[in-house]
Each structure stands twice: as C-alpha cells, then as structure tokens.
Amino acid sequence: MTEPRSFWDRYARARMSRRRALQLAAVSGGGLAFAAACGEEEEEEGKTPTAASPTAPAEGKPKPGGTYRGTVSLVLGYDPIKATTFLTHALASYCYSRLLRYKTTQGELPQSEWYSVAPELAASWENPDDTTYIFTLNPDAKFHNVEPTMGRKVDAEDIVYAWNLYQSVSPNKNNLGSIVDSVQASADKTQVTFKLKQPFGLFLNRLASFQDLWILPKELIEADGDGEKRMVGSGPFMLDPSSKRDVKLVYKKNPDYFEKDEDGTPLPYLDALELAIIADVNQALTQFAAGNLDGIAVPPQLLQTFRDENPKATVNLALRNVLSFIYFDPRTYTEGLPPFNDDRVRRALSMTLDRDALLSVASPEGGEWPNIINAGMGSAWWLDPRSAEMGEAAKNYEYNIEEAKALLSSAGFADGFDVNMHFSSSVYTTIVPYYDLVRQVLGSALAPAGIKITEVPAEYGVYITTTFAKGPADGFAFGLESVFTDVGMYLANMLKPRSAGAGRNHSEVDDAELTAMIDDMLAQTDIEELRKKNFEIQKYVSGKMYYVPVVTPLEAGASQEWVKGEVNTSGPTTYAVGTEGALTLWLDKQA
Amino acid sequence: MATQTVAEQLALESYEVRPSLAGRTARNVWRFARKKPLGAFGALIVLALLFCATFADARVFGSSEPLLAPQSYKQQTLTDLNEGPSRAHPFGTDSTGHDMLSQVIYGARVSVIIGFSAVAIAALLAGTVGIVSGYFGGWLDALVQRAVDILIAFPAIVLLAVLVSVFAPPGTERGTEFWRAMALIAGLGVLIAAGSSRVIRGATISVKQNQYVDAARAIGASDLRILLRYILPNVFAVIIILSTVQLGAAILAEASISFLGYGIPPPFPSWGGMLSREGIAFMRVNPWLAVWPGMAIALAVYGFNMFGDALRDVLDPRLRGV
Amino acid sequence: MQRYILRRLFLMVPTIVGGTFMLFMLIRAIPGDVIQQIAGENAIVTPEVRAEIESRLGLDEPWYTQYWKWLGDAIRGDFGESLRTGVPIGEEMRNRLPVTLELTSIALVVSLIIALPIGILSAIRQDTWLDYVPRSIAIGALAIPAFWLATLVIVLPSVWWKLAPPIEYVDLWKDPWANLKIMVFPYGRFVPVGPAVILGIGLSGTVMRLTRAQMLEVLRQDYIRTAWSKGLRERTVIIRHALKNALIPVVTVVGLQLPFLIGGAVILEQIFNIPGMGRYLFLAIQGLDYTVVQSVVLVIIVTVIVSNLLIDLTYAYLDPRIRYG
C-alpha cells in the first residue's frame, strides 16, 4: 500500500525551472540520463530522483514475444485513406506501410533530426532532377498472409493503385496531389517514379506523412469497397478478427514482416499488441497503476502524482505537436473589419499573453512558445520566438502590458474593447485538458490591456464544423490546429489564400507577398536554403501576427518498468505510433 | 359572489378565532421541527442554499462585488494553483487559480436558479395539464396523454443536450450562459412536468369522484369554479410535495448534464461543471477539487428530499395521523 | 384483454412518430454543419461539394421525405449507417442493446434490494430512529451524483491499494461470472460497487420513498386494523397482509424508471468502459451523428413503451381490481 504523496507538498518541492524543463523536452528516455550524467546543473530541482526515472540505454538483447497492452480513447474507423482524424491514422499505422517513415532512434534524437525521413517500403530512392523521385521498393515486403492478400509481394503497381485511391477518396488528397504530377511503376515493378509538378523540397517529408499515402492493397478495396471492415496491409502487425471497436483492438505480429534488427532478428519483437478502448482518464490511470496496462498517456498536470503512485514507471516527456493559437473573424482580413485588421491590435493581443504563466497552468513541467510553426516541430523547423534570430519580431511575443496598451491606444483603442471568444466546450476538454485550462486563463489574461472577453462556447461538433472550418462568426476563437508533420502543411494550409486550396486558413489571410515567400520556400530543393527561408517567413508572420500562437505544452507518455526498446516520443512518433513506435518494443519480463 | 355552496357555508361556520398569523406560523414551524427533525434539517439546508445563491455577491443590491464569497468567481491567482485548504483559501484553489470556496458559493446560484425555475415551470405546466386533462377527460385527455407519453419515453439526456446545442445562438445580445440556462430550464421543466402531470391527473380524477364535487355541480357551479374551489385546493398539496422532491432531482439532473459538458458554460461556476472539468480528471492531484462540489450537490439534494418527505407526511391528508 | 393490448399497441404509433419527429426536427436545428463534418474539417466545402454530399446522403430532399424514408427503413430494421464512421447502425445496436438492458435490469434489482427493506422498516417505525437513520442513508445515497460516486470507485481503490476493475468488457453469454464481475463486483465478490449497483443506488431513493408511502397508506386500511384486532403477530400482519398490497404499485412504478436508468447508463458506461447504448448515444450526440442519435432514440422509445405495456399487463394480473376493457 503506497500512500500517495499529497498534492500540496508537490509545491513545497522546488518547481522545475524553465531551463530544466527544456532539457526534459529536448531529450527524453535515455537522453535524460545522459544529460544528468554530463553534470548539467539541476538548479533548484531537489534530490527527488527525477522526474522521469529514465530507461537506461536499452541493456541486454531484446527478448522477442509477449503482448503489449496499451489504450486508445476512441475508435472512429479503420480506413486511413478516408479518415480525417489522427485517431484512425494512429490505429492504421500498425497494419499499413508508407513508402517512407520518420526517423527514430532509441533514446535521444537531436531536435535537428526531428521529422527527417527513413526508409520503409522504399528501401532506397534517387532524385535525378528537381522534379523526379525514383523509389526502389524493399524486395522482402509482402502483404499480410491472410484473406484477401495471402502474403502477396508488394510491388510498384500497388503504389500506383494506392496513389489513385488516395487521389480519389482522401480528404487530404491535396497534401500530395497539389505537388505530384504523375506516379508510374517501372516495367519490372520494382521501382516507382514520382514526377512533381514543380520542385518541392519537402516532398520526402510529405511522403512520410501519416495523413496521406498509406499503401492499401487492391484486393482489400475490391472485396470490401473501402478499408473500414478490416485492416490488411504490409505493416508489422495484423488486426485480429477478435477485435471489437468498443472494447479492445487486438493486433497480432505479422510473422512475414520485412524488417529485421541489426542482429538479423525479425521485427517486430512483440507477439501481439492490445489496445483497450478507455475513454475515461481516471480509468486508464487506475488500470496502469494496477499493472493492467503497459503504457498510457498522462496529462501533464497529473505527472507528479503519477510518479508518486508509480515510482517505477518510465515517463517520457515531449513537446506536443499541436499548435494552440488565436484566430480571428475572417472579415478581419477580407473586409478590414476592426479591431483586429490593425496589426498593432493583434501584436498587442500577443504581448498581453504571459506565455510562461499560461504554461505554468497548462503544463507545469515546462513547455515552449510556439511560432506559427509549432515548437513541437523541433529546432530545425521552428524558430524560437525568444532566440536572437527572431530579431525585431521577438518583442511581439514578450509579455509587456505597457507596450500592448500603447499599441492599442495608437490604434485608437485606448480604452480597450469588448470581444467574443469562441471555443469548443467539449471533447477537447477531455482529450487535451490543457486546452481548457489555457482557455480558462485567457479571459483574465487579456483583461489588463482592456480587452474584455465574452466567452462563446460551442459543442465540439458545432465548433469544428463552423468556427474552426469557416472562421469565427465574430471576434476571435481559441483553437488547436491539427497535427502537421512538415512546415509546408502549416504555411500553405494556414496562410495561403483559401482560393489556393488552403483548407486551414481559418481567418482567410490573403497576403500576396507572404504567398510568394511561401511558394518560393517550398520550391527550394536545397534543404538548408529551404530552412533559411522558412525562418524568414516565420519572422515575417511574427511581425504581422495574422494568427496569435499561444503555447506548446509538454505531453507525457508513461510505460511500465519492463517495457524496453521505446523510441523517443518527441516529434514524429506522437501519432504514427505503429511502425515508428511499436516495431522495436519488447517486454523484459516473464510471460 | 352570488351564492355560496353548502360546503362553503359549512367551512365558514367552522372558522374559529385563532392566534395571530405570526404566532401560528411560529408554532407550526416548531411543531414541524419537533415532529420531523430530519425534515427540519432538510429545510435548514435548503435555506442555507438559498442564502448562498442570493448573497454570493451583492447583485441584489445592484453591485457585482462579492459578498458571501471571499472572491469574485472570475478572480484567478495564477501563483496559487491546485492548493489545498489554507487560511487564504479555506477550500483550496483549482487548476486555474480560482478560490474554491467562492466557486462553490457562486455555484449554488446556478443550482437554485435552474432548479427552482424548472420546477416552477413544471408545477405550473403539470398542474394545468394534469388537472384539465383529468377533469375533462375525453379526447382532450387522450390527446394530452399521448404528448405526455412521448416526453416520458424520450431519453432526457438527448433532449437536454440537443436543446442546449440548439439554443445558444452566437452573436445574440444575451450571453451563451443565458441561453443555455433557458434551454435547461425549459427542457427540465417540460420533462419533469410530463412525469408529474400523470400523478396530478390521477389525483384530479379521484377528487372529481367525491360527492361534494357532484353536489357542487348539481347546484350549478361552473367548471371553472369547481376546478378552482374544489379540485385545485385538494390537488395543491400533491403539487407542493412533488415539487419539493423534484427540486432535488432537478439539481442532480443539472449537475449530470453539466458533467457531460452541456451545462452552464464557464466562466460562471456550476457544481456539475466544476466536477466535469478538472474536478474529476485531476481528482488524483487535488482531491478537494472533486470533494467540495460533490458534497455541495449531495447536501442540496439531500436537503430537498428530506424536506419534501416531511412535507408529504404533514400535508398529505391521506397519510395524516397514521 | 386482447382488445386492450391491441389498443395499446395502436397507441404506440403516435408516440413513436411524435417522439422521433420531434427529435428529427430538433437535431437539424443544431447550428453545426454536418456536411463539413462529412467532408472533413479541413475540406473547403464548395457549393458543388456540398451538393454532391447532400445528394449522396439524400439530404437534398425535403425534410418530410427524409423523415418518412428514414422511419420507413427503420421500421423494416434498416437503420442505415453512421454519418461519422459509416458503420451500419443496426449491427452496432444489436451488440449494444443487450448490454444496456442488462445493466439497467441489474440496477432495478439492486434498487429493490436496497429500497424495500428500508421503506418497509421506516413505514412501520415512522418517526423513530429506525425511520430516520436508514432513510437518511438511502436518501444520502440517492443525493450523491452517480458520476461522482463512480469516479470515486475507480480512483480510491487504485490510490489506496492499486486495485483496478476488470479492464475489458465480457459479454454475458460468453462468461456470465466475468460479466457479473464487471457489472456488480469489480473488486471481488464481497464488494458490490459496480456500475449496475451505482445506478441502482440512484434509483433506490425513489423506490424507498414510494414503498414507505404505500406502506403507510396500506397500514391504515380497515383490513389491517382487522388483522391487528384479531391479535395476529406483527410479522404476519406486515408480511401477509400489508406488504403484498403495498408492493404492487411499487413494482409498477419501478418499471417506469427505465428512462431514468438509461440517462444514468450514458454516464456510467462512459466511466466504467462498458460498450452499451449509452456510450454510443453520447458519442453520437457529440459528433453530430444524426442518423445514430435518431435510431438510438427510436429504439429507446420503443423499449420504454413496450416495457410499460408489459408492466401494465402484469399489474392487471396481480391486482384483480384492475380490469381493462
């Protein structure tokens, strides 16, 4: 019987300094031990063995076998091509393959390598000119040895078939469809060639996106019409027919999976993987504490209590790859509707936000300030608003009520103004609690500058289909953006005009200069040059504050002590848990 | 008043000189308290609830300064998050730095407004519908009862959730909390009325069959007169008893619907809403977040039920003297 | 009797049509955009896309055509597909309805087990401590919100003893004991704190109050006075004479609490992870899944009406004074 440490002595213990939190965020798992070993000062952090009792760099040889037990909160469907929700993409990622995936390692992956690509179905690729990519498929890749594919080899025709399927039914088809001109299989079906419409430097990253080109076999679609009834692909796991959408999904190891570890042991190590459907966070924590689950997500506010209750568990922290931001009534930009049509007002709004204070509420163990690119993309893609590189625009992020008031008064709002704030009052409140916490603080945070808020809640379904999809009816809204996995998705989706197919341009920003900058950046094939231009755009957008980014909190995943071989949870594996995350998991315990 | 009925004359004759109204009330209250200690305890809780709801802030005096509550419900101290009870915050603070005691006191207001309004509407509606339907019978009764059938069989939670989503037009002059409160009051009122109209209809039918009603009709009393002078007074006790108990049920229903996210929206605190957000999710971090609003709901519901039970014992003539 | 049943069945029609029609209109008044939902929240819904989706789903027809088509299909057992997930609704409900019916039935039994003894005791010992204390406890239990109690049941054993309820729902016919464990005994057979029990506790206050009132009324009837005056023992008077007559209305009223129980099931299924109708309904409301909400509500209304009919028939059977023409 463990007496839980009461919550208030948590505050007696030193609060984690921001610096410390950054280290936690930047590194994770084994990396944490590394940082500590190198004598990084721990500042006020007491003797409490930290925080994330880190996994020592995987010791011993992986033991194949065993069943990993995780959870998901909701199953909305099985077909990753038709789905708009990351929930479905995450489930499908155990069973289906992409041509490329995101690079992961066990332990620390430097931020500069977040969202870089690694081979999956494509064993290698070449790039003879700016608009041609030729992928050579892994010759060992086979579809699952069950009906209807019966272990057939994956060939280049399958890629072409999947591409056509994606272009005909996917709600996300523009992600690649706007770039790719044609997809062709070679005569011997071992290679597939992508011809682009114009040079696109992020093409490989985009190909690894889990919203897009999943390789679904022709037989499945021909038999069932879509991928909603079962999952049959070429991924490391096979969905077992005993799965029930509202009870538990059971994934069995695909014995013919084409990847092996360095020692030649076939992957995945696990025999099976079970995901219990648990909607209630208390239920999940209870099941974990009782040892009925091997891994769960822990809301950051609960971390300290969680560690007290589960001293042996491994906790991995990561920057959440979801942008939280304020967006305005589209008429702001289309008709010049005051007050937010004036960039001084938008900048003042941003300066009124004490982002560190918001983080202390939303993510007590640390976090970052996002730019229009979320901090969860890592330092290679995200320009830290507090870095010297941000230059002039940095002051737009600094908490400065005096300056905000001065800006407001120069814009003609010396006495401030009243404004509606739209937000979702359900679903987010349970699946991403920090959203609700930040939202609760926003009202009082903006008051000192004279911005008086009336809260306008809407049910999630209503919010998503109206406010989020079409822009707030008036005033502004506080929202969360989808999980984007490359900077192009943020910039092209949120800032290019809607007429150019930018589905996430909530406020209908239309800035010709910016559009040209984005197009220019995306056409860069030299990745270093592209990054440089990306930072230029972030600086430009920070000066305009078309959207006001709010905070990037941490998210936490926890595993039982016997779970080994976890890859870093920062960055890419956040949602594409399947191939990136589960391939190398193993359990260090007797079955 | 042209003629008085026989029954009325008899009633007048039996009238005798009694102590002053105040004295009588005091004596009745004392007798009630002695005979029904639990009922009196319930009544006390109800009074305390009303007191908190009314005087949480100085709104009745035209100001928004907090009165009973130590702080305004909007006030947040971001340096005091999830604190336990302390001198500064007797009930602690929540995850966004609100003073819990203030939140609980303000929360009484939502429970009281929604509970009382819904039940008042229900009583009015159920009284009218039940009495008219029971008294006149026939096709009117048949028609009304089908409507009641629909409401009784309809899952309340769906009706309330849908109503709340439908009423809350953004961009109207009144805030969302106003529209949601209206939706909840209307929804709960109608749902409660459906159930109790059946009981009142039954009571009406049984009163109608009494000989004094026949007598009144025989001497030419109009339907309206019979309804108002004979049926209503007899059914009134039933309405009062039903209403008291339903107040508890209405408060519980409001809390449950808020828990599911369809209640009064923030920032105005409601007990169910406090439990639905961090209250329940962060129970492991700060149990007090869940303890206070949970206890407040339980106490309020308990109070109304106990008071209602005692009232039933005292008022229902059929049970008197058993 | 047959004529009575026929008439009742006939009267079901306006109730079902009225109830579903009310919902049909209400749900369409929700200000969300279901077309956007189907197209995906990042889709730019041009008028052409909108028209295409509307015609695919028959949403471009006038509302009365839509309504009759839906109702007609539903009566034939074809509930269509979920707007949000595309899964056939009939299939889902077939799996879920028994779960919720089981949950609510056990809850009913639990409420009777708790409420009857307390109600009887507090009536025969009115205004004594034997009335106050048990009644106070029963009302206290009713006053605690079910969602709160349920969360305590999940959190406290975990915090104190690292115990957890069964993680996975098992169907009744697959393993009755495992199923009962989930519904009633999540922490072993001596600790009945499962969702069905919590739901039953919520109902027990009502049942207890009713039992008490009925007993009080019956106890002052002439035949009871006669029984007393014959010098019968208290136990004989209460059990033989009073109880039976007091319980008939109690049992019938308890049967009418089905809608209340379904409301509770929505919350408890969510917290205890039970794949029933309540959870299905709740997710559908949240996700603007009109077709699912409509179908589930239709099934609930029919279930409630049919069970009310059965109760009335039982009532007539039990109480010879009731005659139906």
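Two strands pair if DSSP finds at least two bridges between them, and strands (E, at least two residues) and helices (H or I, at least four) are DSSP runs numbered from the N terminus. Before you click: this is a predicted model, where local features need pLDDT of at least 70 and side-chain atom pairs count only at pLDDT 80 or more, while totals for chains, interfaces and linings use all residues. Residues are numbered from 1 along each chain as its sequence is written, chains are lettered from A and ligands numbered from 1 in the order written, and side-chain values use heavy atoms, without hydrogens and water.

**Stop one: a hairpin.** Select residues 180-185 and 191-196 of chain A, which are strands β6 and β7, paired antiparallel over five bridges. Zoom in on A:Ser182, whose bridge partner in β7(A) is A:Lys195. Five residues sit between the two strands of this hairpin, and A:Lys189 in the turn has a positive phi of about 60°.

**Stop two: a helix.** Now pick residues 460-470 of chain A, helix α17: nine of its 11 residues are buried (under 20% relative accessible area, with a 1.4 Å probe and protein chains only), so the helix is largely enclosed by the rest of the structure. Among the buried ones are A:Tyr460, A:Val462 and A:Phe468. Just past α17(A), A:Gly471 takes a positive phi of about 95°.

**Stop three: one glutamine.** Jump to C:Gln214 in helix α9 (residues 195-219) of chain C. Is C:Gln214 buried or exposed? At 19% relative accessibility, C:Gln214 counts as buried. Setting aside neighbours within four places in sequence, C:Gln214 has contacts (heavy atoms within 4.5 Å) with C:Ala246, C:Pro249 and C:Val250.

Definitions and conventions. Buried means under 20% relative accessible area, exposed over 50%, partly exposed in between (1.4 Å probe, protein chains only).
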